[in-house]
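This report goes through a few local features of one protein model. Please keep the sequence and the structure in view while reading.

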Amino acid sequence: MSYANAQLPSAHRVSGKVTSSKDGSPIAGTSIRIKKGVTQALADGNGEFNLNTNSKTGILQISCVGFRPLEVTFDLNKETTVSIQLQEDVNSMNEVQVIGYGKVSKRFNTGSVVTVNAEDIERQAVSNPLAALAGRVPGMTVEQSSGNPGGKFNIQIRGQSSISQGSQPLFLIDGIPYPNDQITSGMTGLANQGQSPMSNINPLDIESIEILKDADATAVYGSRGANGVILITTKKGKTGATRMDASVYHGAGQVTRRLELLNTQQYLTMRKEAFANDGVEPTATNAPDIVLWDTTRYTDWQDLLIGGTAHFTNANASLSGGSPNTQFLVSANYHRQGSVYPGNYENQQGKTHFNLSHTSQDNRFTAIVAGNYSLDKNELPGYDLTNSITISPNNPPLFDEDGNLNWEENGGAFSNPLTYLKKKASATTDVFRGNVNLQYKFLEELSLKLAGGYNVIQFNQMDTSPKASLDPNSNTTPSSRFAKTTNKSWIFEPQLEYTRHKNNGKLSILLGASLQNDVLDANLIVADGFSNDAVIEAVAFANSITGETSHTTYSYQALFGRINYIYNNKYLLNITGRRDGSSRFGPEKRVANFGAIGTGWIFSEENFIKRQAKWLSFGKLRASYGITGNDQIGDYQFLDNYRANPSQYEGQVGYIPSRLFNADYTWERNRKLETGLEIGLLENAIFFNANWFRHRSDSQLINYRLPNQVGFSSILRNYGALVQNMGWEFTLSATAVKQAEFSWSSSVNLTVNKNKLLDFPGLETSSYANSLVIGKPLNIVRLIQYTGVDMETGIHVFNGTSLPDDQIVVADFTPKFHGGLSNDIVFGNWNFSFLLQFVKQDGYNYLRSLARGSAPGTRRNQPIEVLDRWQYPGQATNVQRFTTTGTASTAFNNYIAYSDAPVSDASFIRLKNLYISYSLPKNIIRHIRLKETRLYFQGQNLFTLTSYRGLDPETGRHGSMTLPTLAVYTFGIHLSL
């Protein structure tokens, strides 16, 4: 039943029904207004409406998201019922974007917002939805930390704004804050170094992901949105017949990039030459690989340790439907990902999602209840085996004749990388997330909203080291560790919204408040000295038991408001304000005010432009400026902190201070300025978007160095350092062909961002003197200049070796530019799409990971490039002579890692995603009573073009030997009933 928002005295009523011109289906929620009046009605679930009017004649204005607006005349003298048909609007400018505490059409948005829809996400065989964003969002970098399942994705929006505090964006799922920080337990024991909470979100449950970047879009979230906001909206049920969707895919993943390492003969030549160069005689002690081990044995450790096949299985099912007033959706997902490591190691996930939406008969009351539960069991080995791929190629067999781990051969001890086969490491993550949204319309213009949510993340980890896994040559005793981390958070946000159309303007006013509380509890137990491996999981049987506990609470309150005004559908104004309070600051510094203003001009609506530029479909200029804050500093930083004194006094445990208090530090401030241009040509078949932005962050919270006599090395305080991120973002999309049986669309985005430290008073005398440079990015490293190999001695030479005085070279690891190119082609029942990701950057190559204690010539395999080493006086090369000890070894082990020698180009172009599908013809699936049957292939990270001297330019450029991203190939089927 529809209703009017203003019950004016009237004696006339116009009724009607709104349907789609495409298939005649009713269109619920359509807005019907009397032109130049205030009376308005909404069509009910059957598309029907009733509207009171004071006149027997007039004009109805009909509008609905996804359809072209329409004006229809009515004359009650002739008929009282109006039949209205709306045409679908394929204009992308009318797409609805989710913003802070509301929605807005792309046309009238004054902020910088990018939307990634469900279709783009579903085409990718990923378990973490953040992986689906790489290369698709201008201004955002997405970097995978490891190829192991459950690993973290590092996300930055428009660069790093804080010198030493957090720069992660705010993540919201259906409006409820959700963490992205790696879940850890205070102990090692997983190859992925912890669990990403985002991997517990089923990508197939997501309707859209919005990335909010500028001050106008993020200021309504205050300090929480200082580094950008990522809004994840989950799927909801839709009106209509009950529908069931099911899909399953299976596939495999492998490491595609490897180091070309020395074979056994090349390796032994290196080792013998090194001893000869050093004048040292190889013995069973210093060279068991030469003296004791089989010199004809060869093992490709890359193939054995990380060369396996990781099998993927994903099954998803959903049931949805509902009446015009009540809609529902429930879904379930199972995901299994194996490992490339030897052994039966895997990550299994089970996820459920539900959503229930209800609207009262008079359309005044709306309730939405949604929730998710996921269970993740990760049984990866206790460490990343990529670190062991450079052991000697003639290393003895890793198992003896009895199937036990082998620790020595002929007296030559070595490290066995397969100890984890005898260990048990596991991590279980339980996540529950629920939210409720209630709305009641007192009048058509005035509504009250109540939104609340609750998250529980529980992380349990166990790591055992039984006797069977320990080197018998060591004194290590069997041990086990148990850890539990529980994060509970709730949020409550009441909101009052007023919207009114008057004359040619639309005014919207939003007032609201936020109350948020997070509690983190962590427990760690270390048990040592088990006498029997059979009881190693029972703490009571240990000879020694130690434990640690921690408890932290974070409270956050805020008041916020927004005023939005649209005049004549072409002049836009958006004003946002927020007053934040955070428990992370001292009592006198907890509250701060933030705000922003955004403006827009849709110049394509001007009559003089319509007459002169008929080829222009859409044109908008927009600008924004605002101030946000940052409180990502950890809890209790303003208080004195104490820790237990390991030295007891008379049997009693004492306490010693661990951190000096400072109750006067306050928020970091981020001033954001932006201008943007949006141009649509030829019915928006070609669309161009350009943004220029400048973000300046001051009042930096840093650890300020103190004199030694104070008793503490540093104190957290605000400092007058100024950090700037400034750059350009470009997006160009085009629909080359759009026909019934064939369509082709393309899109490319490019981001150029320059991060720079503008000011830092007293930098030269601060503890940051060796890590920061005025005028350079924050993500730099100061290094010694490498000048090559001395042609007479064959030893690496540097421009000084004093640390840090001679570290004069500045290496910048900030991406110079990045972006992506996508294409989508539909031909009949076939669909073909792909995404190319490109990044221009520098990074550490393989030399960094080998630099400390692994000079070419030591007992560790090396890349094939070392064969170009120095061998005789006068030879010109950049590879020093082979060595095991002495000055040549010192030059490599002590200085290479601190020089610019390991820095090289780490740019890459990657086929990030490939999707090919075929939908069975309708006349075939009709016979088997299905709505849709689709067969598809999905590929991730299929190939990478790069000159990077290492395993992977994405996971390895920071200098660690980390498992590369996997190339994944999957085949699947999707059914709709």
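Is Lys912 buried or exposed? The model is predicted, and in it Lys912 has a relative accessible area of 3%. Buried means under 20% relative accessible area, so Lys912 counts as buried.

**Around Lys912**

Lys912 lies in strand E48, which covers residues 908-919. Leaving aside residues up to four places away in sequence, Lys912 touches Ala131, Ala134, Leu835, Gln837, Gly939, Gln940, Asn941 and Glu954. One of these, Gln940, is 28 residues from Lys912 in sequence, while the two C-alpha atoms are 5.3 Å apart in space. Another of the contacts, Asn941, makes a polar contact with Lys912, side chain to side chain, at 3.1 Å.

**Strand pairs**

Strands of a sheet pair through backbone hydrogen bonds, in either a parallel or an antiparallel sense.

| Strands | Bridges | Opposite residues |
|---|---|---|
| E34 (residues 668-681) and E35 (residues 686-698) | 13 bridges | Arg669 and Asp698 |
| E35 and E38 (residues 722-738) | twelve bridges | Ser697 and Val723 |
| E2 (residues 31-34) and E3 | three bridges | Ile32 and Ala41 |

E34 and E35 form a hairpin, with four residues between the two strands. Leu682, in the turn of this hairpin, has a positive phi of about 55°.

**A four-stranded sheet**

The pair E2 and E3 belongs to an open sheet of four strands, in the order E3-E2-E5-E6, with antiparallel pairing. Which strands stand at the edges of this sheet? They are E3 (40-42) and E6 (70-75). Each has a single partner strand, so one side of each is left without a neighbour in the sheet. From one strand to the next, the twist averages 25°.

**The second largest pocket**

The second largest pocket has a volume of about 1200 Å³. It is lined by 40 residues, and the closest to its centre are Pro179, Asp181, Asn487, Leu520 and Arg584. The elements that give two or more residues to this lining are the strands E13 (170-173), E25 (446-465), E26 (479-502), E27 (505-528) and E28 (544-567). Which strand gives the most to the lining? That strand is E27, with seven residues.

Notes
Residues are numbered from 1 along each chain as its sequence is written. This is a predicted model: local features need pLDDT of at least 70, side-chain atom pairs count only at pLDDT 80 or more; totals for chains, interfaces and linings use all residues. Side-chain values use heavy atoms; hydrogens and water are left out. Buried means under 20% relative accessible area, exposed over 50%, partly exposed in between (1.4 Å probe, protein chains only). Contact means heavy atoms within 4.5 Å. A polar contact is a pair of N or O atoms within 3.5 Å; within protein, one must be able to donate a hydrogen and the other to accept it, and residues adjacent in sequence count only if both atoms are side-chain atoms. Two strands pair if DSSP finds at least two bridges between them. Axes are lines fitted to C-alpha atoms, for helices over the stretch in contact, and angles run from 0 to 180 degrees between N-to-C directions. On a 1 Å grid over the protein atoms alone, a cavity is a set of points where a 1.4 Å probe fits but cannot get out, and a pocket is an open set with protein on both sides within 12 Å along at least five of seven lines; lining residues have an atom within 4 Å of a point. Grid points are joined across faces, edges and corners, and a volume is the space filled by probe spheres set on the points.
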